[in-house]
Amino acid sequence: MRVSSKIFSGFAILMLLSVVIFANQLSVIRQMQAVNQDLLSINVVSAENVLRMQKLTDLLQDDAKKYFASLDPIYDGQIVDVRQEFLERLARLRTTIASERERAELAKFGEAMDDYSRAYKELKRLNKAFDPVEIAPDLYIAINHLEHQGEVMLQGVQKGIR
């Protein structure tokens, strides 16, 4: 073999090796982009659920005020429906969150809903109307705790997105 053919074949092997490495790098980049896209969509869904749960908390507060002002069973039914949707979204969040911090905050969010439910049921059992401007202290504390946990949960999900 001549020297020029050895140089040419060496150069061809280097070019072929460069093309294989380049193709591998492109494949890895595409896989990383797909994983990042999946993670981002999961976190966005989590944030969307938390935002909806915060709106549900506001609805619970409004309906509770209306119920205890009038003792109208329509509002009680609405509270049951809103609470059920809240619990469904809580279950969805359990499947989409990843970090331990988010899981801990989610558990606290669920406990806050349990506290609200207990306070609501105790006041409902009394079957006593309250002033529509004021809300019973136990229920007020439970709602504030639920709202606060919603804010903390949203902050945790937003950190996960970043």
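User: What links Arg52, Glu85 and Arg89?

Analyst: Arg52, Glu85 and Arg89 are linked in a network of salt bridges, where a salt bridge is a side-chain nitrogen of Lys or Arg within 4 Å of a carboxyl oxygen of Asp or Glu. This is a predicted model, in which local features need pLDDT of at least 70 and side-chain atom pairs count only at pLDDT 80 or more, while totals for chains, interfaces and linings use all residues. Residues are numbered from 1 along each chain as its sequence is written, and side-chain values use heavy atoms, with hydrogens and water left out.

User: How do you know how confident the predictor is in the protein?

Analyst: The guide is pLDDT, the predictor's confidence in each residue on a scale from 0 to 100. The protein averages a pLDDT of 87, and 94% of the residues score at least 70. Confidence is lowest in helix 1, at a mean of 86, and highest in helix 2 (residues 73–96), at 92, a helix here being a DSSP run of H or I with at least four residues, numbered from the N terminus.

User: What makes Arg52 and Glu85 a salt bridge?

Analyst: The closest N and O atoms of Arg52 and Glu85 are 3.0 Å apart, a value within the limit for a salt bridge, and therefore the pair qualifies. The pair links distant parts of the chain, since Arg52 lies in helix 1 and Glu85 in helix 2, 33 residues apart. Across the whole structure, a search finds five salt bridges.

User: What makes Asp76 and Lys124 a pair that joins separate parts of the sequence?

Analyst: The side chains of Asp76 and Lys124 meet in a salt bridge, at 2.7 Å from N to O. Asp76 lies in helix 2 and Lys124 in helix 3, so the pair ties together parts that are 48 residues apart in sequence. The two partners fall into separate classes, because Asp76, at 14% relative accessibility, counts as buried, whereas Lys124, at 31%, counts as partly exposed.

User: How do you know how far apart Arg103 and Glu100 are along helix 3?

Analyst: Arg103 and Glu100 are three residues apart in helix 3, which means that about one helical turn separates them. They form a salt bridge whose closest N and O atoms are 3.9 Å apart, still within the limit, so this pair also qualifies. Arg103 is partly exposed because its relative accessibility is 36%, while Glu100 is exposed because its relative accessible area is 61%.

User: What makes the span of helix 3 close to the expected one?

Analyst: The expected span is 1.5 Å times one less than the number of residues. Helix 3 (residues 100–126) has 27 residues and reaches 40 Å from its first C-alpha to its last, which is close to the expected 39 Å. Helix 2, with 24 residues, reaches 35 Å, close to the 34 Å expected for it.

User: What makes the phi values of Leu71 and Asn127 worth a remark?

Analyst: Most residues other than glycine have a negative phi. Leu71, in the loop between helix 1 and helix 2, has a positive phi of about 55 degrees although it is not a glycine. Asn127, in the loop between helix 3 and helix 4 (137–161), likewise has a positive phi, near 55 degrees. Leu71 counts as partly exposed because its relative accessibility is 26%, whereas Asn127, at 53%, counts as exposed.

Methods. Helices (H or I, at least four residues) and strands (E, at least two) are DSSP runs, numbered from the N terminus. Buried means under 20% relative accessible area, exposed over 50%, partly exposed in between (1.4 Å probe, protein chains only).
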